[in-house]
Amino acid sequence: DYGGSKSGQLLSHGGEFEVRGNISGLRFMENQGVSLVQGLGSVYSIEMFFSLDRVDGYRKIVDFANLSSDNGLYVEGDLNFFPGARGGGFKANEMAHVVFNRDATGQVTGFINGKQVLSHKDTANVGVSTGLDFFRDDNRTQGREASAGFVDFIRLYDGPLAADKVAELNQIAQNRINQVPAVPEPATWAMMIMGLGV
């Protein structure tokens, strides 16, 4: 699922469609991931719902400069805006709802599962996006700074999301995993009971 208020051509670099319970998405190997040909500029929000097989060391999840720099957004146990700030926590093979904002003053904020875990003034303009790569690293050596994983959706917005909106979006994402089948209507129960009786 690719959506939000930004539009563009999202390109896959391998992987395959996979269903995991109530959700479905792209299962990717190291450095497969996806990319957006054009960048987002300097004011935006990125929302992702994904899991990584490995969260040890540096595992790049967003590259802002067409794989031309080691800077970017990483999972390194925590959410790490490199170089800059870090916070929060990840577990391998566990779905995480991540939101990364950059506002007009250069302030970046990061959220994991609805909770703000980092805040940093991006004076070096690391987060100014000239092109986006997700789950791919500029260092293409196997086992270095990328991880295999699974992504349910990526959404891009043309402005930063407020904390209350992030919390709301996180709840929607978590509900996708925890959905339970609807309770049958009384008429359906009656049909089921009749069926069992037969």
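**Exercise 1. Are Glu 47 and Arg 155 buried or exposed, and what do their side chains form?**

Solution. Start with burial: Glu 47 is buried, and Arg 155 is too. Here buried means under 20% relative accessible area, exposed over 50%, and partly exposed in between (1.4 Å probe, protein chains only). Quick note on the source: this is a predicted model, where local features need pLDDT of at least 70 and side-chain atom pairs count only at pLDDT 80 or more, while totals for chains, interfaces and linings use all residues. Residues are numbered from 1 along each chain as its sequence is written, and side-chain values use heavy atoms, with hydrogens and water left out.

Next, the pairing: the side chains of Glu 47 and Arg 155 meet in a salt bridge at 3.7 Å, N to O (a side-chain nitrogen of Lys or Arg within 4 Å of a carboxyl oxygen of Asp or Glu). Glu 47 sits in strand E6 and Arg 155 in strand E15 (residues 149–157), so the pair ties together parts 108 residues apart in sequence. Strands (E, at least two residues) are DSSP runs, numbered from the N terminus.

**Exercise 2. Which strands does the pair Arg 86 and Glu 76 tie together?**

Solution. First, the distance: these side chains, Arg 86 and Glu 76, form a salt bridge at 2.7 Å, N to O. Then the placement: Arg 86 lies in strand E10 (residues 85–87) and Glu 76 in strand E8 (residues 72–76), so parts ten residues apart in sequence get tied together. Arg 86 is partly exposed, with a relative accessible area of 41%.

**Exercise 3. How many salt bridges does a search of the whole structure find?**

Solution. The search finds 14. Shared partners join Lys 60, Asp 63, Asp 137 and Asp 138 into one network.

Notes. Helix = DSSP H or I, 4+ residues; strand = E, 2+ residues; numbered from the N terminus.
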